[in-house]
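My plan is to look things up one at a time and jot down what I find.

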Amino acid sequence: MVQTANSRYALSIENLTVQFGGLLALQDVDIVVPPGSRYGILGPNGAGKTTLFNVISGFVKPTKGRVFLHDADISKKPPHKRVQYGLARTFQITTLFAELSVLENILMAALVQAGTSQVFWKPVHNDKVAVSIAESQLHDLGLMHLAGKAVNELAYGEQRLLEIAVALASNPSVLLLDEPTAGLSTAEIKAVVRLVTNLPKDLTIIMIEHDLDVIFDVSEYLSVLHGGQAIAHGPADEIRHDERVKEVYLGES
Amino acid sequence: MRREKIIIGAGIVLAVLPFVLTEYWLGLFTQALIFGGFAMGLDLLVGYTRMPTLGHAAFFGLAGYGTALAITRFGINPWIAAGIGVLLSGGVAVAFAPLAVRVRGLTFLTITLAFGQVTWGLATRWTSFTGGENGIPSVPRPDFIWDLNDRTGFFYLTLIVVIFVSLLISIFASSAVGMSFMGVRGSDTRMSALGYNVQSRRATAFIVAALVAAVYGVLSTFFNKFVGTGSLSWQLSAQMLLAVVVGGFGSLWGPFVAGSGLHILKTLLIGSTQRWPMVLGLLYVISVVFLPGGLSSLVPTIKQRMIHRSKGKEHARYGTNSK
Ligand SMILES: Nc1ncnc2c1ncn2[C@@H]1O[C@H](COP(=O)(O)OP(=O)(O)O)[C@@H](O)[C@H]1O
Ligand SMILES: [Mg+2]
């Protein structure tokens, strides 16, 4: 029964509980994400949103519960193996390679996709396949002009875009974005929203977001987390008018 | 490609040394090349991957002991013995790496130190086999196209090995695997999220640096016709670690120059003073305070000039990594 139910979803999370010492960061959370959807995760600070992403991507071992990507149970896979199942993510705190160029940052992901990340006998810049994957990624996102720059020369907004570009170069079917607009100016937020809305329709995107305008702009479905519990799920329009959600979250801001 | 040309060019220039140096100095430079090469290999581990070790002399010494023992105790041909020495070090590195790469920072430093001390203790205590404190004397050099028992002859063998190994390291460093080492040092979380097995990358860096140390450990044993416990000592590991720091993380040439220079300095000073460890410590402090980027930071970053110069060129265009 579980198997057939899962095949309908790009991602499904069953009965997830994460305990850090005495703290219940997540408690019996169930989330299902239809393929190709734009799915928002909403919730106040400390609600457990990043922890949820860390469990999905394998960086945090859940106390209980399972994670399915498409049909596959990936609960036991280490983070680097989950990439092979089509998962990619960004981080709330930018974790780019500061000493490398923009192209090299993307190349790091592209090499894995080209299957040449093990090559040790020729310069990486001569890897035509990987370089062209990386370049076309930059090109598609309109970031080609940044290719030769070092990451520490980029504006913060550009770094957030690059963060997404790097994740996309892993050629994911499910993309997790952890607060991609946090700390950005209005203009920079617009750039991120434009980038995300223009992504291929068959890509499933799950986005943690603090900015309510952004989340209602981008997502079709929402889950609301509060104190480690998923207190509401549903289409964005319904969530907007859900009394409990207004109380615990929308009311606060 | 540029870095490879520099290596070959430097090798050609060094080839004149036998014509301008006395026997004593030529011998000193031969050893300097050996320790420079050792430090360059260590840069892959310490500089590229940021795994500071205090135990890599173990792989230098083990290869030397392996070679010397194979020749003197078992009568094996020196060339084959050299292969045995390198395989011994490589094998031990392969066995130890999975354990070592599970820990980081200070724990990694201490676990490598402890490992090095075990090999040192073994060589010191197992007197009947290793010669204990006396080491293994009278290790014959192998036969070759030219006479290796001649200082000049041995210098040229060393130079050829150094050029060859340096070229391999240079290409390796600019490859996908070399860049992944930089990625691991930058953010191993990000690297796992991109699909890299971080542990196995760290283990690879560890083993490659061990193999480089092993090759030079064999050369050093042949040069001295002797191997002793000093080759396994933590002091040698510390000296090599210092060479990478003083030379500049991840520049390859910096650690090479510093590794060579430190050896020459040590040899010159040891005649007049027993205070080498103190000199090392002082050098460390001075370099950290006044030259935090190491020797390599003195050359206005090759990287930046590279980007500048090659605007419009296809391959190096986007690189800060390509040299
Ligand atoms: N690795 C961890 N160890 C201990 N506590 C953690 C860890 N990660 C997160 N937490 C705690 O779990 C709770 C949820 O954190 P997080 O998932 O980051 O929230 P959010 O992303 O919704 O702001 C917080 O109280 C946080 O302090
Ligand atoms: Mg968070």
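**Ground rules.** I'm working with a predicted model, where local features need pLDDT of at least 70, side-chain atom pairs count only at pLDDT 80 or more, and totals for chains, interfaces and linings use all residues. Residues are numbered from 1 along each chain as its sequence is written, chains are lettered from A and ligands numbered from 1 in the order in which they are written, and side-chain values use heavy atoms, with hydrogens and water left out.

**Chain B, overall.** I looked up the secondary structure and got 15 helices and 0 strands. Helices here are DSSP runs of H or I with at least four residues, strands are runs of E with at least two, and both are numbered from the N terminus. The C-alpha trace spans about 60 × 45 × 40 Å along its principal axes.

Next I checked the radius of gyration, taken over C-alpha atoms; the globule rule is 2.2 Å times the number of residues to the power 0.38. Chain B has 19 Å, which agrees with a compact globule, because one of 323 residues would be near 20 Å.

How much of chain B is buried? I found 56% of the 323 residues, where buried means under 20% relative accessible area, exposed over 50%, and partly exposed in between (1.4 Å probe, protein chains only). Then contacts, meaning heavy atoms within 4.5 Å: of those between residues at least 6 apart in sequence, 77% join residues at least 24 apart.

**The magnesium ion.** Which residues coordinate ligand 2? I found Thr50(A) through OG1 and Gln92(A) through OE1, at 2.0 to 2.2 Å. Thr50(A) lies in helix α2 (residues 49-56) and Gln92(A) in the loop between β6 (87-89) and α4 (102-114), so the pair ties together parts of chain A that are 42 residues apart in sequence. Donors are N, O and S atoms within 2.8 Å of the metal (3.2 Å for Na, K and Ca), and since water is not among the atoms, sites may look incomplete. Thr50(A) is partly exposed at 25%, and Gln92(A) is partly exposed at 30%.

**Positive phi in chain B.** Arg50(B) has phi near 55° and sits in the loop between α3 (23-48) and α4 (57-72). Leu252(B) has phi near 65°, in the loop between α12 (234-247) and α13 (253-270). Are they buried or exposed? Arg50(B) is partly exposed at 35%, while Leu252(B) is buried at 0%.

**Two helix residues.** Phe216(A), in helix α8 (residues 212-218), is buried at 14%. Leaving aside neighbours within four places in sequence, Phe216(A) contacts Leu222(A), Ala236(A) and Arg240(A). Thr119(B), in helix α6 (residues 105-125), is buried at 9%. Not counting residues up to four places away, Thr119(B) touches Ala58(B), Leu62(B) and Leu232(B).
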